[in-house]
Amino acid sequence: MSLLKTDRMLRRVSDLELAWLQERGIRGIVSDLDNTLAAWHGDEIPSEILAWLDAVKAARIGVCLCSNTRRPARLARIAQTLGIHHVPGNAGKPGRAGVLKALELLAVLPNEAVMIGDQLFTDMVAGNRVGLTTVLVNPLADKEFIGTKLISRNAEKLILRGERARPR
Ligand SMILES: [Mg+2]
């Protein structure tokens, strides 16, 4: 079960306090894209998340997108627009390779990085395998790849038993 552990469960990524990161010596954030920073397949990032990203960057904490995307051009475009790093192409979570590439791009060690995502079986497992601090957020939108919705979400519910952060 330890691969499924989460150090924090938050409603949104923007609820993650800079002080919490700094207290732990976190210098890099490896982040999922879809349903974590952006609504699934949309390019739009909620304004509170844009403001949070600005604050993170101002605190000199690097950010790298790590996405199991099927649209690598969209991923690269969003990363460029936000002024952050990205692991090119499909990151292959829960495999370790994408997370390791992200750490390399951020020039940080596993214990200096946090993995943020909305899915236990890809984001949290990938982060835990490489030894990152892990933060699970509630998915931004309901519209998801059908396989994710039907299989992973029901299994997540069984494991989390309603422990996700409450909607506000
Ligand atoms: Mg996601």
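Is E23 buried or exposed? I looked this up to start with: E23 is exposed, with a relative accessible area of 63% (buried means under 20%, exposed over 50%, partly exposed in between, with a 1.4 Å probe and protein chains only).

**Ground rules.** I am working on a predicted model, where local features need pLDDT of at least 70, side-chain atom pairs count only at pLDDT 80 or more, and totals for chains, interfaces and linings use all residues. Residues are numbered from 1 along each chain as its sequence is written, and side-chain values use heavy atoms, with hydrogens and water left out.

**Salt bridges.** I searched the whole structure and got 12 salt bridges (a side-chain nitrogen of Lys or Arg within 4 Å of a carboxyl oxygen of Asp or Glu). One of them pairs E23 with R24, with the closest N and O atoms 3.5 Å apart. I noted R24 as partly exposed, at a relative accessible area of 39%. For R164 and E156 the closest N and O atoms are 2.8 Å apart, and both of these residues are buried. Shared partners join R11, R12, D15 and E48 into one network of salt bridges. Within it I checked E48 with R11, whose closest N and O atoms are 3.4 Å apart. E48 lies in helix α2 and R11 in the loop between β1 and α1 (18–23), so this pair ties together parts that are 37 residues apart in sequence (helices are DSSP runs of H or I with at least four residues, strands runs of E with at least two, numbered from the N terminus).

**Magnesium.** I then turned to the magnesium ion, which D32 (OD), D34 (O) and D118 (OD) coordinate at 2.1 to 2.2 Å. Donors here are N, O and S atoms within 2.8 Å of the metal (3.2 Å for Na, K and Ca), and sites may look incomplete because water is not among the atoms. The donor spacing in sequence reads D-x1-D-x83-D. D32 sits in the loop between β2 (28–31) and α2 (47–58), and D118 in the loop between β5 (113–117) and α5 (120–130), 86 residues apart. I found both D32 and D118 buried.

**Sheet.** Next I traced an open sheet of six strands, in the order β1-β6-β5-β2-β3-β4, with parallel pairing (two strands pair if DSSP finds at least two bridges between them). β1 (8–10) and β4 (85–86) stand at the edges with a single partner strand each, so one side of each has no neighbour in the sheet. Between β2 and β5 I noted four bridges, and S31 has I116 in β5 as its bridge partner.
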